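Work through the exercises below with the sequence and the structure open. Try each task before reading its solution.

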Amino acid sequence: MVNEALVNMIIKDSQPFSIVEDAGFRELLQVLDPTYVIPTRKALKGMVENKYRETKEKTKEQLQQVVSVSLTSDMWTSLHMDAYLAVTCHFIDEEDKLCTTLLDVQHFPKCHTAENLATGHMKIMEEWGIKDKVKCLVTDAAANMIACVRTLNVRHAICIAHALNLIVKKSFDDISSFNEIRTKCRKLVTFFRTSTTAKERLAQVQEQMGRPVLKLIIEVDTRWNSTYNMLERLFSVERTSGGSPGLSKD
């Protein structure tokens with residue numbers, strides 16, 4: 001029972017296998033159950049892999065019972081500049097509940113051509129036994145993804161969040177006066193986020209005025225509403241600081 005709970009914690013909380021070697025964690029488990037033999041890192045890894053295989057087989061069996069599925073797919077890059085292809089499956093089960101399961105987050109070192117992407121998607125669909133059940137594939141509007149879906153010969157839908165992000169970014173670019181304000185706000189937020197002295201001083205000013213201490217937010221290109229959040233937070237800090245944070249780069 002403890003082993004199962006430990007495996008579930010590792011999976012749900014994305015904890016490293018090395019946690020079983022941490023002194024504090026080992027002390028906690030000994031207090032909870034002195035008779036429990038804590039597995040080694042290698043043993044824990046094997047337990048998680050077994051859990052994955054069991055869950056994968058159960059999900060495969062579940063997918064064999066459904067008539068059709070839709071997929072969402074995206075390419076993303078890690079902090080270490082490694083490319084990955086992520087594919088998620090959506091379907092209605094026998095109890096009429098919408099279910100979602102992550103099929104794969106596959107390392108994708110190949111060139112991101114439509115042909116390579118189509119091959120990668122096809123392998124995943126064949127592995128999960130859903131090649132003839134895919135009715136729709138949702139992706140971004142990148143040309144290689146559009147061509148990939150065309151190659152797979154399935155219905156294609158553009159991700160509405162991605163489309164909305166492109167619309168907002170294009171609108172920003174077309175309004176020069178707003179773009180100027182946005183650029184200045186980015187510089188101001190970046191200044192406070194890269195200077196510990198400025199950050200601490202800003203917090204002190206807000207505390208002195210009896211206001212909640214708010215942290216500044218920087219916009220993210222792939223999240224259309226992050227620009228609004230950046231401006232809204234910056235103006236909120238300005239209001240709580242009496243119109244000026246009382247700081248200078250000096």
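**Exercise 1: a lysine**

Lys56 is found in helix 3 (residues 41–64); helices (H or I, at least four residues) and strands (E, at least two) are DSSP runs, numbered from the N terminus. The model is predicted: local features need pLDDT of at least 70, side-chain atom pairs count only at pLDDT 80 or more, and totals for chains, interfaces and linings use all residues. Residues are numbered from 1 along each chain as its sequence is written, and side-chain values use heavy atoms, with hydrogens and water left out.

Task: decide whether Lys56 is buried or exposed.

Solution. Buried means under 20% relative accessible area, exposed over 50%, partly exposed in between (1.4 Å probe, protein chains only). The relative accessible area of Lys56 is 13%, so Lys56 is buried. Beyond its neighbours within four places in sequence, Lys56 is in contact (heavy atoms within 4.5 Å) with Glu127 and Trp128.

**Exercise 2: helix 4**

Task: find which face of helix 4 its buried residues line.

Solution. Step one: list the buried residues of helix 4, which are Ala114, Leu117, Ala118, Gly120, His121, Ile124 and Met125. Step two: look down the axis of helix 4; the buried residues fall within an arc of 160 degrees (taken from the directions from the helix axis to the C-beta atoms), so they line one face. Step three: identify the cover of these residues, which includes strand 1, strand 2, strand 3, strand 4 and helix 5.
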